[in-house]
Amino acid sequence: MEDHIKTKSRVLRLALLINMLSIGTLMMVMPLGADFVQYLNMKPEHIGYISGGATFASALIGFFLAPYLDRYDRKSALILFLLIRSVVIIICGFSTTQNELLFWFVLAGCFAGPISGLTMASVIDITEVKERGKAIAFVASGFSLAAIIIVPVSLELSAHFSWQVTFFLFGSIGVGFSLLSYFYFPSMVGHKVMGDKVVGDKQQPSMITSPVFISALSIVGISMFGHFLLVPNLSTFFQFNLHFPREQISVLYLLGGVASIFSMRLCGQMLDKGWITQTVLVTSILVAVVTFIGFLWQGNWPLYVVFTLFMASSSARSASVSAITSRVPLPHQRAAFMSYQGTLSNVAAGLASAVSSLYLLSDPAGRLIGIETLAMVTIGCALIVPFMVNILMNLLARRQQTALQL
C-alpha cells in the first residue's frame, strides 16, 4: 500500500511537470513574437502561424495515433514522445529564418497530442475513481503554472539573453523530465491485458461510435468553443474597450492563474465527494454570470475581480468536465480517448478563435465591435454544459448496469 502511494505521488508530480512544460512551450511563442519579428524578419501577421500550426499538428497527429497508443507500455511511449519533442524544441533554437522556426516548432507540436493523451491516461490508471477528480485537477493546474512560470521566464530570458535561450532551456528541461520518467515512472501494461482480450471480438462495440463517447466529446467541444470565443481577444478588449493599462496586463494574468489553481483543487475535492452534477452546474453558472458582468453589463466591478473570477470559474469548469469524462474510456481505451479528447479540444479552440477573428471588427480607436454577441454565445455554451453532463452521467449509469447484468 505504501509503495502504491509513493508510486502514485511520483506519477502525479511528473504528469503535472510534463503537462506544464508541454503547454508552456506552446504558449510562450506568442509573447516572443516581437523578438521573432526583430531577429528573424518575421512578418507580424505571421506570428499566429507558429502556435496555430503547432496546435493543428497536435490535433491531427493525436487523432491518427490515438488508436495505437493503448497497444504499448505507457511509460515507454511517453518517454519516447517526450524525448523526441524536447530534442526538436532544442533544434528550434538554431533556426535562422522564420520558415525554419515554423517547420521545427510545428514538428514539435506533432508530439504534444500523444504526450497529453498518455500522461492523462497514466493518471487515470494510477488513481481510483473516488480520488480521480482531485488528481486530474492537480495535473490540469499545469496550464495555470505554465502561464505563471514558463511564459514570464521565457520573456525574461529573451530580454536578457536571446530568444534562442528559451528553446535551449525548456528543451533541455524536457530531456531531463524524460530521464526522470525513466527512473521514477512505473511500467504500465495492465491496459494491454484487457485490450488483448477484446482483440478480434466482433461483438465489442467501437468506442468512437458509442453514445457515451459522443456525449463526452460533445461536452468538451462545446465547453472549449465557448471559452475560446473570448480568450484570444481578452487583452485587446481590456486595453482598447475598457482602457486597462498595458503594463498591468501581466499582473492580471498572474492573479487569474493563481486563482485557477485554487479553484481547480477545490472542485477536484468536491467531485471526489460525489458532488458531480452540482459542481459542474455551479461552475457553469459562475462562468455565465461573470461573462455577463464583464462583457455585457460592463458595470463598476474592478477588472481584477472580474477577470480573476472568469479565469477561476472557467478553469474549474474545464477541470470538472475532464474529471467526469475520464470515466468514459475502459482501461484499454484510455490513451486513445484522452488523445481524441485533446484533438477535439484543439479543434474547438482553433475554430472558435477563427470565428471570433472573422466576426469581430474594430473602430479607428481599436475598440472591438461585436464582443457582446460572442459573450452571449459563450454564456449559452456555459449553460448547456450542465444539462449535457447530466445526460452523460445517465449514460454511464446505464452502461454500468448493463455490464453487471452480463
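I began with the pair H11 and H15: H11 passes H15 in a left-handed crossing. I note that the model is predicted. H11 covers residues 211-228 and H15 covers residues 303-325. Their axes come within 10 Å and cross at roughly 165°. Angles over 145 degrees count as roughly antiparallel, so H11 is roughly antiparallel to H15.

Next I listed who makes the contact. From H11 I have Ala216, Ile219, Val220, Ser223 and His227. From H15 I have Phe310, Ser314, Arg317, Ser318, Val321 and Thr325. I sorted the residues of this contact by type: five are nonpolar, five polar and one charged.

Then the loop. Which residue other than glycine has a positive phi near 60°? I found His243. His243 sits in the loop between helix H12 (234-241) and helix H13 (249-272). Is His243 buried or exposed? Exposed counts as over 50%, so His243, at 60% relative accessibility, is exposed.

Last, the cores. The largest nonpolar core has 60 residues. Phe238, Ile324, Phe337 and Leu392 have the most contacts inside it. Helix H17 (residues 371-405) gives the largest share of this core, ten residues. Leaving out residues up to four places away in sequence, Ile324 touches Leu271, Ile276, Val280, Val389, Leu392 and Met393.

Terms used. Residues numbered from 1 in each chain as written. Predicted model: local features only at pLDDT ≥ 70, side-chain atom pairs only at ≥ 80, totals over all residues. Heavy atoms only, no water. Axes fitted to C-alpha atoms, helices over the stretch in contact; angles between N-to-C directions. Helix = DSSP H or I, 4+ residues; strand = E, 2+ residues; numbered from the N terminus. Parallel < 35°, antiparallel > 145°, perpendicular 65-115°, else oblique. Left-handed = near helix turned anticlockwise from the far one by under 90°. Contact = heavy atoms within 4.5 Å. Nonpolar A, V, L, I, M, F, W, Y, C, P; charged D, E, K, R; others polar. Buried < 20%, exposed > 50% of the residue type's maximum accessible area, 1.4 Å probe, protein only. Core = buried A, V, L, I, M, F, W, Y, C linked by side-chain atoms within 4.5 Å.
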